Amino acid sequence: MASGSGMANLNGQDTVAVNGEPVVKRLRESIQYDSSLRTPKEPQNKVTVVLGAQWGDEGKGKVVDLLAMDADIVCRCQGGNNAGHTVVVDSVEYDFHLLPSGVLNKKAVSFIGNGVVIHLPGLFEEAEKNLHKGKGDCTSVRLIFVRLCVGMNFDSYGMCLFSSLGTTKKGIGPAYSSKAARNGLRVCDLVSDFKVFEDKFRMLAEHFLTMYPNLKVDIDSELNQLKEYAERLRPLVTDGVYFMHKALTGPSKKILVEGANAALLDIDFGTYPFVTSSNCTVGGVCTGLGVPPSHVGRVYGVVKAYTTRVGVGAFPTEQNNDVGDLLQSKGREFGVTTGRRRRCGWLDLILVRYAHMVNGFSAIALTKLDILDTLPEIKVAVAYKVDGKPLPSFPANMDVLTRVSVDYETLPGWCCSTEAARSLEELPQQAQNYIRFIENFLQVPVKWVGVGKSRESMIKLF
């Protein structure tokens, strides 16, 4: 203690005194309150979000590609290489699984957030074909040996379900399970002290080998490969939360966020258990990127002009007939990731309205309208009933969903090609009526209409 100082007591606290006056008191008196702190501030930048509004495969990649053309940052917030997004530019078709679809804008920074499960070989294979500039440091690593667990017959609770759920068998479920169990490995572990990472990896590998005795893992070989990946990955890794914070609070930027999968595949709000392992609704933007809710701006829902679903699970509007076959063949409805044939049916507006309840869509992008061109009449699901009684909302219980009967509104088709249309006015009147019916039912405007595969085939309505 300096000479001449003493101890005083202020409000029950021992306080250093200088020249007879308590320092704490002097500091309190000298602090000027910033009155502007009590004035609500509008966020400097907000993110624009693109999400699937059905069971996936709605054409999100095309919408993201369109919006990314003038974006400064394009982000992927959740999912993994179980998602497939197709973009066609100048007749060249690109298939993305891990990279944001907006990566084709070479002026934008591509950012993969903490909520994404990374398959390192797949990531680098995509990155070699497309520009990639950054990724979040807390992103879960989807380890190769985890993938080997999927598809085998396990007696352990949870693992035995994967073969019957109709998953992509890309290891996403086991990776998210490991994350929830708090024994997973992350990118920040991989690019830090590799010796520490190696110890964690060996412990995790032994854990899986104990659980699944038939599992074959060459731990040393895996580690050698991971060490090579760590060197390639290190220059691209940044602090994800700090990166997003600077982007959101700094100079004006256009920030685009791309969700994978879709609302009805959300782990909490989807058709459980036939869902993915992450939150692919709007909440996943906050948890996957570290974006505060106040910085979420426009949320665009992508809706296919009919409905498709991959794998098993209830599908009220499915058409196992000539209509379903036409939609499947003309729409080229095969999974980008798995190549599996997609189940097809009429547009289900009960399902889309539910997705809007969860996500709060600012507007809709209606894709693949041209696939309906040859149909003389088109049906749209407008109500569910169970045992003759109307259901007020989309049911959470999948046993109930399998039992619903569907009330349809039948609209006249247009029986002519829409592929050359580049404005709403150029569409046949019946096609315009179809769009307006969707808007009126959902009480959400349709901002884009897709009538083909290219960028130019996305008609902007406003």
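Buried means under 20% relative accessible area, exposed over 50%, and partly exposed in between, with a 1.4 Å probe and protein chains only. By that cut-off Asp189, at 14% relative accessibility, counts as buried. The model is predicted: local features need pLDDT of at least 70, side-chain atom pairs count only at pLDDT 80 or more, and totals for chains, interfaces and linings use all residues. Residues are numbered from 1 along each chain as its sequence is written, and side-chain values use heavy atoms, with hydrogens and water left out.

**View 1. The whole chain.** The chain holds 15 helices and 23 strands. These are DSSP runs numbered from the N terminus: helices (H or I) have at least four residues, strands (E) at least two. Of the 462 residues, 51% count as buried. Contact means heavy atoms within 4.5 Å. Among contacts between residues at least 6 apart in sequence, 72% join residues at least 24 apart.

**View 2. The nonpolar cores.** A nonpolar core is a set of buried Ala, Val, Leu, Ile, Met, Phe, Trp, Tyr and Cys residues joined through side-chain atoms within 4.5 Å. The largest has 72 residues. Val47, Leu369, Leu372, Leu427 and Tyr434 have the most contacts inside it. Helix H13 (residues 349-359) gives this core its largest share, 6 residues. Another core, of 31 residues, lies apart from it; Phe201, Leu215, Ala230 and Val237 are among its members.

**View 3. Around Val47.** Residues up to four places away in sequence are not counted here. Val47 touches Leu248, Ile255, Val257, Val285 and Val291, among others. Its partners also include His295, Val296, Gly297 and Arg298.

**View 4. The annotated residues.** An unreviewed UniProt entry gives "active site" for Asp57, His85 and Lys179. Under "binding site", UniProt (unreviewed entry) lists Asp57 and Gly84. UniProt positions are in the numbering used here, feature names are shortened, and annotations may be inferred rather than shown by experiment. Lys179 is found in helix H6 (residues 172-180). Lys179 counts as partly exposed because its relative accessibility is 42%. Asp57 sits in the loop between strand E4 (47-52) and helix H2 (60-68). At 23% relative accessibility, Asp57 is partly exposed. Leaving out residues up to four places away in sequence, Asp57 touches Lys304, Thr308, Val310 and Arg342.

View 5. A salt bridge is a side-chain nitrogen of Lys or Arg within 4 Å of a carboxyl oxygen of Asp or Glu. The structure holds 18 salt bridges. In one of them, Arg342 pairs with Glu333, the closest N and O atoms being 2.6 Å apart. Both Arg342 and Glu333 are buried. Salt bridges that share partners join Asp57, Lys304, Glu333, Arg342 and Lys368 into one network.

**View 6. Two further salt bridges.** Lys254 forms a salt bridge with Asp70, with 2.8 Å between the closest N and O atoms. Lys254 lies in the loop between helix H10 (240-249) and strand E13 (255-258), and Asp70 in the loop between H2 and strand E5 (73-76), so the pair ties together parts 184 residues apart in sequence. Lys254 is partly exposed at 46% relative accessibility. Asp189 forms a salt bridge with Lys200, the closest N and O atoms being 3.6 Å apart. Asp189 lies in helix H7 (residues 187-190) and Lys200 in helix H8 (residues 194-211), so this pair ties together parts 11 residues apart in sequence. Lys200 is partly exposed, with a relative accessible area of 37%.
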